[in-house]
Amino acid sequence: MSTNVKIIEPDSKSREQIGFDLPGESESREGDCCCFGLWKPTEMTSTGYYGGVEGGATHSKMVLMNEKGDILAWTDGPSTNQWLIGQEECLKRVNNMVEEAKTKAGLDSGTKLASLGLSMSGADQKEAQDQLISGMKSKYPQCSQNVYIASDTAGAIATATEKGGIVLIAGTGSNCMLIAPSGESYRCGGWGHLLGDEGSAYWITQKAIKIVFDHEDNLKVSPYDITFVKEAMMKYFKISERDELLHYFYSKFEKSFIAGLCKELAQGAKDKQDKLCLDLFRQAGEILAEHILGVEPKITEELLNTPSGLQVVTVGSVWKSWDIMKDGFVKVLQDRKRNPRISKISLLDLKESAAVGAASLGARSIKHNLPINYSQNAAVYFKAEF
């Protein structure tokens, strides 16, 4: 790695807390984005109960808050990605989490929330959002008076800041979203496992399996030994022959289950120093950095010039393997021909679920500003200057 790169990594026990303080305010205006201008300041005008759901492709989490921002209850649930489980099942699971949260908070099941904010994997398109909102209101009218839906990236940003920023998701799937201080948003990726998901757990797993298949077919010989990956694959899927794997990819496809092999590959890279596994995670680091470059032309000077540089909220289990992704990630960003503007960057992880941000967005949609302690919601774990 080039000596021109200055890397600072806070101690994991005392990671720097940060609240995305920007050096100035830009003019607020409504943008054609997933948040529709909700980043603008609002007055605290509503009372009642506010819900937020972080809906993922593997699991989901909900928070129930009062108008003062006090957390009354948490609930957990399975996947709520409508493209994986269907819209009807998605709505059912959301309602189940809401009802469970009401029970935990000691509320009557007939108590309507003032707003329910849903930050959902697979809910980027406005048409899909409108359908989900309509479905919630018609099928579960006692759930909430108002329903607001945004992408999973929006909830993560809203948990860490009220001024916008970048969120880079690498979990079962992947996505990158830039939300400018003005409220406008720009995305790179997030197109699902057939058209995108680069750098995600599914992507890493699929690449690993494909390398094994290609190597054994003599179609493309792997430069690294495939023994560990092949054995991990056979053990994880409980198969003895390669063709048995087709069942999991075609007749009984379950994205989150397939992505689960990524955990074994990460252990192979860290514990066994398996070269193929290490290379897969290096590639993941590279392509995730390329997502940032994808939105770079739209990054405002306000976001670039914070004391910590460009601040990126990282979300998803793949980031737990940062130590074996870092070299690939930094390599891309230190290339000044590809990256002429970003001279300083900080990566943050959320200390609180993105459900909090979802609740905040839902409240803002009805002109209520939930008090959120942003400084406690995210912490810096990596800094670099190029």
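This is a predicted model: local features need pLDDT of at least 70, side-chain atom pairs count only at pLDDT 80 or more; totals for chains, interfaces and linings use all residues.
Local features need pLDDT of at least 70 and side-chain atom pairs count only at pLDDT 80 or more, while totals for chains, interfaces and linings use all residues. Residues are numbered from 1 along each chain as its sequence is written, and side-chain values use heavy atoms, with hydrogens and water left out.

Biologist: How many bridges join β8 to β9?

Modeller: Strands here are DSSP runs (E, at least two residues), numbered from the N terminus, and two of them pair if DSSP finds at least two bridges between them. A hairpin links β8 to β9 through three residues. The two run antiparallel, and the number of bridges joining them is six.

Biologist: And which residue is the bridge partner of Ile169 in β11?

Modeller: β8 also runs parallel to β11 (residues 310-315), with four bridges between them. In β11, Ile169 is partnered by Val315.

Biologist: Why is β8 said to be largely enclosed by the rest of the structure?

Modeller: Side chains in a regular strand alternate between the two faces of the sheet. Here Gly165, Val167 and Ile169 point one way, Ile166, Leu168 and Ala170 the other, and all are buried. Buried means under 20% relative accessible area (exposed is over 50%, partly exposed in between; 1.4 Å probe, protein chains only). So β8 is largely enclosed because its buried residues number six of the six.

Biologist: Is Trp191 buried or partly exposed?

Modeller: Look in the loop between β10 (185-188) and α5 (192-195) for Trp191. Its relative accessible area is 48%, so Trp191 is partly exposed.
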